Amino acid sequence: MSILTVFKTRTVDDPSADAILRDLQSKGYPAKNVRIENVMRIEGELIESALPKIELLFGNPVTEQISTTSVLDDDVGPIVEISYKPAWTDQEMPSALYAFEALGVSGVKWVRLSIRYQLVGLDKP
């Protein structure tokens, strides 16, 4: 059993990142840029050849890039990851398990979603 980690980033303008940047700057933080990366961790009998089917569920090929490697660089600015607690606020797992099964991706035991924020221009905590 292994855990496959999949990262999703926007390839076009990101209004959410722009809004966070404006908010940080309005509060006096010296942020220069904000980058957002969604993360899906999947435990099961998966191999990377399942990635095209995972992309159908997790991404939009017109506006997003899916990869098993993060595009965020810790040397550029601090990275903060926000995750949900399993069984408390993890509403997506039952839907994701059903969707994987419908796409023919079997052997998935659990799915966890998180969001990573890179705060360019701020000091590391």
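Modeller: Before we start on this predicted model, one ground rule: two strands pair if DSSP finds at least two bridges between them.

Biologist: Fine. What makes β2 and β5 a pair?

Modeller: The rule asks for at least two bridges, and 12 bridges join β2 to β5. So they count as paired, and they run antiparallel. For one example, look at Val34, whose bridge partner in β5 is Leu119.

Biologist: What is the strand order in the sheet they belong to?

Modeller: It's an open sheet of 5 strands, ordered β3-β1-β2-β5-β4, with antiparallel pairing. On average, neighbouring strands are turned by 25° against each other, ignoring direction.

Biologist: Why are β3 and β4 called edge strands?

Modeller: β3 (64–67) and β4 (79–83) each have a single partner strand, so one side of each lacks a neighbour in the sheet.

Biologist: And which strands does helix α1 lie across?

Modeller: α1 (residues 15–26) lies across β1, β2 and β5, at about 130° to β2.

Biologist: What makes the largest nonpolar core a core?

Modeller: Its members have to be buried, meaning under 20% relative accessible area, and joined through side-chain atoms within 4.5 Å. Here 15 residues make up the set, and Val6, Ile42, Ile54 and Phe100 touch the most other members. Helix α2 (51–58) is one of the elements supplying at least two residues, and its share, 3 residues, is the largest.

Biologist: Which residues does Ile42 touch?

Modeller: Leaving out anything up to four places away in sequence, its contacts include Val6, Ile54, Phe100 and Trp110. Apart from this core lies another, of 8 residues, with Leu21, Ala31, Leu119 and Leu122 among them.

Note on methods: Residues are numbered from 1 along each chain as its sequence is written. This is a predicted model: local features need pLDDT of at least 70, side-chain atom pairs count only at pLDDT 80 or more; totals for chains, interfaces and linings use all residues. Side-chain values use heavy atoms; hydrogens and water are left out. Buried means under 20% relative accessible area, exposed over 50%, partly exposed in between (1.4 Å probe, protein chains only). Helices (H or I, at least four residues) and strands (E, at least two) are DSSP runs, numbered from the N terminus. Contact means heavy atoms within 4.5 Å. Axes are lines fitted to C-alpha atoms, for helices over the stretch in contact, and angles run from 0 to 180 degrees between N-to-C directions.
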